Amino acid sequence: MTEPVDLTLVLACYNEEPIIERSVREIVDILDMARFRYEIIFVDDCSRDRTRELIDHIIAAYPDHRMSRIFHEHNVGRGGTVADGIRASQAEFAGFIDIDLEVHARYIPSCVLALQQGADVVTGLRNYKFSLRRMDRYFMSRGYAWLMRTLLEVPIQDSETGYKFFRREKILPVLNEIEDTRWFWDTEVMVRSYLRGYKIAEIPCLFQRRPDKVSTVNSLRDTWDYFIKLWRFRRVVRALRAHGGVPAPAKGVASE
């Protein structure tokens, strides 16, 4: 299929065998009702289960839909996985959502509409359904958001949401500047976009934790790791502010 598309949806995958088929059905149902042309790019980051086999099965099951896949030879992390999918896109808008659908696909049309109305970056601002069992994750998420805003002096409410959409021509140079290809990628892409003066819209979305999902987060280790990365990135942010939001040119290289 060579017809142009309005939106590329990137689905970053890593060991998604239990959920991928149901999630894709729900995503396709939503997108088929929307008034824009779309494609889906699966990017698998070296899954160790049957995810790759199921991706090929899904693509074959939707012959009238524009779907493709990228299989990594080495694990690069969620951020690098998403970035590879965006780079492969030819659409005006490109974005990704977490395939577990803890923020449902029904918010995608609202994000695309915000891009059509002039935003450069649109994210899903997660509103959490109250649960005593998940209070630790709630406070970790809110605490990180506060710390990020305080240390980096940016007004972004939810930089870590796995629900982001971009005006592709604007985000490509940002992707090439990002240093972290794993979870800190989300902070970098949002802060670097803000410092460039991009128009950012945060769309409120309901976040519902999947009861069958096993978290890989280690509270103490990951909190400390994020704090160290934030502290180091603070120096980068100061340098970016001094150069209008873009990296300083290398010595001997004239800026445009």
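Reader: Before anything else, what counts as a salt bridge here?
Author: A salt bridge is a side-chain nitrogen of Lys or Arg that lies within 4 Å of a carboxyl oxygen of Asp or Glu. Please keep in mind that the structure above is a predicted model.

Reader: Which residues are linked in a network of such bridges?
Author: Salt bridges join Arg78, Asp98, Lys164 and Asp186 into a network.

Reader: And how many salt bridges does the structure hold?
Author: There are 21 salt bridges in the structure.

Reader: Let us take one. What does Asp84 pair with?
Author: Asp84 forms a salt bridge with Arg87, and their closest N and O atoms are 3.7 Å apart.

Reader: Which residue forms a salt bridge with Glu177?
Author: That residue is Arg196, and the closest N and O atoms of the pair are 2.3 Å apart.

Reader: What about Lys229 and Asp180?
Author: Their side chains meet in a salt bridge, with 3.0 Å from N to O. This pair, too, links distant parts of the chain: Lys229 is in helix α8 and Asp180 is in the loop between α6 and α7, 49 residues apart. Lys229 is partly exposed at 25% relative accessibility, while Asp180 is buried at 14%.

Reader: Changing topic: where is Arg192, and is it buried or exposed?
Author: Arg192 is located in helix α7, residues 185-195. Its relative accessibility is 2%, so Arg192 counts as buried.

Reader: What does Arg192 touch?
Author: Leaving aside residues up to four places away in sequence, Arg192 touches Val174, Glu177, Ile178, Glu179, Phe233, Val236, Leu240 and Gly245. Glu177, one of these contacts, is the partner of Arg196 in the salt bridge described above.

Reader: Now helix α4. Which of its residues are buried?
Author: In α4, residues 108-116, the buried ones are Ile108, Cys111, Val112, Ala114 and Leu115. They cover an arc of only 155° around the axis, and therefore lie on the same side of α4.

Reader: What do the buried residues of α4 pack against?
Author: They pack against the strands β1, β4, β5, β6 and β7, and against helix α1.

Reader: What follows α4?
Author: Gly118 follows α4, and its phi is positive, near 120°.

Reader: Lastly, which residues make a nonpolar surface patch?
Author: Trp224, Phe227 and Trp231 make a nonpolar surface patch of about 350 Å². Trp231 is found in helix α8, residues 219-242, and is partly exposed at a relative accessible area of 40%.

Notes. Residues are numbered from 1 along each chain as its sequence is written. This is a predicted model: local features need pLDDT of at least 70, side-chain atom pairs count only at pLDDT 80 or more; totals for chains, interfaces and linings use all residues. Side-chain values use heavy atoms; hydrogens and water are left out. Helices (H or I, at least four residues) and strands (E, at least two) are DSSP runs, numbered from the N terminus. Buried means under 20% relative accessible area, exposed over 50%, partly exposed in between (1.4 Å probe, protein chains only). Contact means heavy atoms within 4.5 Å. Patches are made of residues with over 30% relative accessible area and no salt bridge: like charges are joined within 9 Å, nonpolar side chains (Val, Leu, Ile, Met, Phe, Trp, Tyr) within 5 Å. Accessible areas come from the Shrake-Rupley method with a 1.4 Å probe; for residues, only the protein chains shown count as cover. The arc is that of the directions from the helix axis to the C-beta atoms.
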